[in-house]
Amino acid sequence: MTTITPGRGIFDSANAEAREHVVELLVKAYWMEIETVMSYISASVNLDGVRAQEIKESLTEDVQEELGHAQRFAERIKELYGVVPGSEEFSAEQSFLQPPEEQTDTVHVIRGVIEAETGAIEHYTGIVEETEGVDPVTQDMVIEILRDEQGHRRLFEGFLREYELEGQA
Ligand SMILES: [Fe+2]
Ligand SMILES: [Fe+2]
């Protein structure tokens, strides 16, 4: 009869505590992505003005990308024997991405996006550090997502720079 021996790594029963901690980090990441989807949908629709079109298009694309991130985080939570939380556990944090008073206030949205992306970059960098030598699979996935967020932030920093040069930000 074959005895099933627990493998090494994050699924080892000796690492249950580490696994639960990684799940907590992933749940936070999952909520950040979900809130970003909400904020980017509203911004991509609400903005008015000729020059806002580029920002709106970019955010419309990002909605799909952030949704994909949320789904990847959810899958990984499940793989680590966690449970993807229900909507009642959601609590909003992106005060900086609420609709501006004037829907032509593109700069408000650009700054909000940069702040959201920065928050994600900080949290995901933390996950990469904490999973080092503990859970290389989660680490690998988060590195990929982290790169997407760095790209998003860089793009919006470029948009902001343009407004700053014109003295509009
Ligand atoms: Fe994301
Ligand atoms: Fe992003």
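Are E117 and H152 buried or exposed? In this predicted model, both E117 and H152 are buried, and each of them is a protein donor of the iron ion (ligand 2).

**Iron ion (ligand 2)**
- Along the chain, the donors of the iron ion (ligand 2) follow the spacing E-x50-E-x31-E-x2-H.
- Within this set, E117 belongs to helix α3 (residues 106-131) and H152 to helix α4 (residues 136-165), so that the pair, 35 residues apart, links distant parts of the chain.

- Because H69 lies in helix α2 (residues 52-79) and E149 in helix α4, the pair ties together parts that are 80 residues apart in sequence.
- Both H69 and E149 are buried.
- The iron ion (ligand 1) and the iron ion (ligand 2) lie 3.9 Å apart, and E66 bridges them.

**Largest pocket**
- The largest pocket holds about 310 Å³ of space, and of the 20 residues that line it, K28, W31, M32, E35 and E93 are the closest to its centre.
- The elements that give two or more residues to the lining of the largest pocket are α1 (16-46) and α3, and α1 supplies the largest share, seven residues.
- Sorted by class, the lining of the largest pocket consists of nine charged, seven nonpolar and four polar residues.

**Y163**
- Y163 is found in helix α4, and Y163 counts as buried because its relative accessibility is 6%, where the cut-off for buried is under 20%.
- Leaving aside residues up to four places away in sequence, Y163 touches R51, T106, V107, I110, Q168 and A169.
- Y163 and P85 are 78 residues apart along the chain, and their C-alpha atoms are separated by 39 Å.

Key: Residues numbered from 1 in each chain as written. Chains lettered and ligands numbered in written order. Predicted model: local features only at pLDDT ≥ 70, side-chain atom pairs only at ≥ 80, totals over all residues. Heavy atoms only, no water. Donors = N, O, S within 2.8 Å, 3.2 Å for Na, K, Ca; no water. Helix = DSSP H or I, 4+ residues; strand = E, 2+ residues; numbered from the N terminus. Buried < 20%, exposed > 50% of the residue type's maximum accessible area, 1.4 Å probe, protein only. 1 Å grid on protein atoms, 1.4 Å probe; cavity = no way out; pocket = protein on both sides within 12 Å on 5 of 7 lines; lining within 4 Å. Points joined across faces, edges and corners; volume = space filled by probe spheres on them. Nonpolar A, V, L, I, M, F, W, Y, C, P; charged D, E, K, R; others polar. Contact = heavy atoms within 4.5 Å.
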